Amino acid sequence: MSNDVADGTQADESTTLPLYSLGLIGALARAMQEHQNDVIKPRKDAPKEPLIEDFLKDNRSDYVIRVRGEEVGHYKVATTNDRFEVEDETAFDTFAEEKDEYELVFVRRKSWEDTVLKHAQRDPETGTIFDSRNGEIIPGIRFVPGGKPTGTVTFTWKKFKGKAIGKGVLLAAYRSGELNELLRETPELLPKAQPGASAE
């Protein structure tokens with residue numbers, strides 16, 4: 001019987017269980033979720049800091065994870081984009097006032113500021129920042145180059161035809177015990193014999 005069939009059957013049966021059973025399963029699911037938050041999540045997030053350090057040292061933003069020589073997924077360090085931001089509030093306020101882009105309380109209109117920053121361009125030779133719509137010089141803003149780590153690291157499973165095949169490869173290695181030596185330092189992640197499972 002395939003996992004898909006088994007999963008579907010279990011889902012159908014759960015709707016016919018008595019409230020006591022559903023409640024007990026719900027409580028167990030909560031306990032497992034709390035266990036995940038307390039014990040497993042720190043392990044899941046452990047690569048984040050070393051990956052960011054590697055990026056800062058070697059500018060390596062991707063790190064591929066392999067099992068049996070086959071890619072199962074990869075981590076990617078998220079980086080900032082190039083952008084413009086207000087550097088000189090007084091100069092930019094004067095510019096906003098000249099354009100009649102002040103709110104009644106005499107602050108710049110946020111929508112106008114966002115639009116100006118969106119259309120800002122920089123002359124690569126002079127460093128002058130101007131409005132790409134009309135060529136007008138924009139005072140009080142600066143160019144901030146991107147490429148700095150945001151502090152976020154993402155993980156993506158290796159996919160084939162839209163399916164996360166890397167996850168299956170990793171779980172197969174996990175279930176077969178190939179990762180047990182590695183996981184001795186993290187016993188909470190070692191596979192445990194399930195009740196009713198036959199010994200292999």
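Axes are lines fitted to C-alpha atoms, for helices over the stretch in contact, and angles run from 0 to 180 degrees between N-to-C directions. The close-ups below come from a predicted model.

**Close-up A. Helices α4 and α5 pack against each other.** Helix α4 covers residues 89–98, and helix α5 covers residues 110–118. Angles of 65 to 115 degrees count as roughly perpendicular, so α4 and α5 are roughly perpendicular to each other. From α4, the contact uses Phe92, Phe95 and Ala96. From α5, Trp112, Glu113 and Val116 take part. By class, the contact has 5 nonpolar residues, 1 charged residue and no polar ones.

**Close-up B. The largest nonpolar core has 13 residues.** Those with the most contacts inside this core are Phe84, Phe92, Trp112, Ala120, Ile138 and Ile141. Strand β3 (83–86), α4 and α5 each give two or more residues to the core. In general, nonpolar side chains tend to be buried together in soluble globular proteins.

**Close-up C. Phenylalanine 92 and the residues it touches.** Leaving out residues up to four places away in sequence, Phe92 touches Trp112, Glu113 and Val116, among others. Its contacts also include Ile138, Pro139, Gly140 and Ile141. Val86 and Arg108 are touched as well. A second, separate core has 6 residues, including Val67, Val72, Val169 and Leu183.

**Close-up D. Strands β1 and β2 form a hairpin.** Strand β1 spans residues 62–67, and strand β2 spans residues 70–79. The two run antiparallel and are joined by 6 bridges. Isoleucine 65 stands opposite glycine 73 of β2. The hairpin has 2 residues between its strands. In this turn, arginine 68 has a positive phi of about 55°.

**Close-up E. An open sheet of 3 strands.** The strand order is β1-β2-β7, with antiparallel pairing. β1 and β7 (149–157) are the edge strands, and each pairs on one side only. From one strand to the next, the twist averages 20°. Between β2 and β7 there are 6 bridges, again in the antiparallel sense. Histidine 74 has threonine 156 in β7 as its bridge partner.

**Close-up F. Helix α3 packs on the sheet.** This helix covers residues 48–58. α3 touches β1, β2 and β7. The direction of α3 makes about 115° with that of β7.

Definitions and conventions. Residues are numbered from 1 along each chain as its sequence is written. This is a predicted model: local features need pLDDT of at least 70, side-chain atom pairs count only at pLDDT 80 or more; totals for chains, interfaces and linings use all residues. Side-chain values use heavy atoms; hydrogens and water are left out. Helices (H or I, at least four residues) and strands (E, at least two) are DSSP runs, numbered from the N terminus. Angles under 35 degrees count as roughly parallel, over 145 as roughly antiparallel, 65 to 115 as roughly perpendicular and the rest as oblique. Contact means heavy atoms within 4.5 Å. Ala, Val, Leu, Ile, Met, Phe, Trp, Tyr, Cys and Pro count as nonpolar, Asp, Glu, Lys and Arg as charged, and the others, Gly among them, as polar. A nonpolar core is a set of buried Ala, Val, Leu, Ile, Met, Phe, Trp, Tyr and Cys residues joined through side-chain atoms within 4.5 Å. Buried means under 20% relative accessible area, exposed over 50%, partly exposed in between (1.4 Å probe, protein chains only). Two strands pair if DSSP finds at least two bridges between them.
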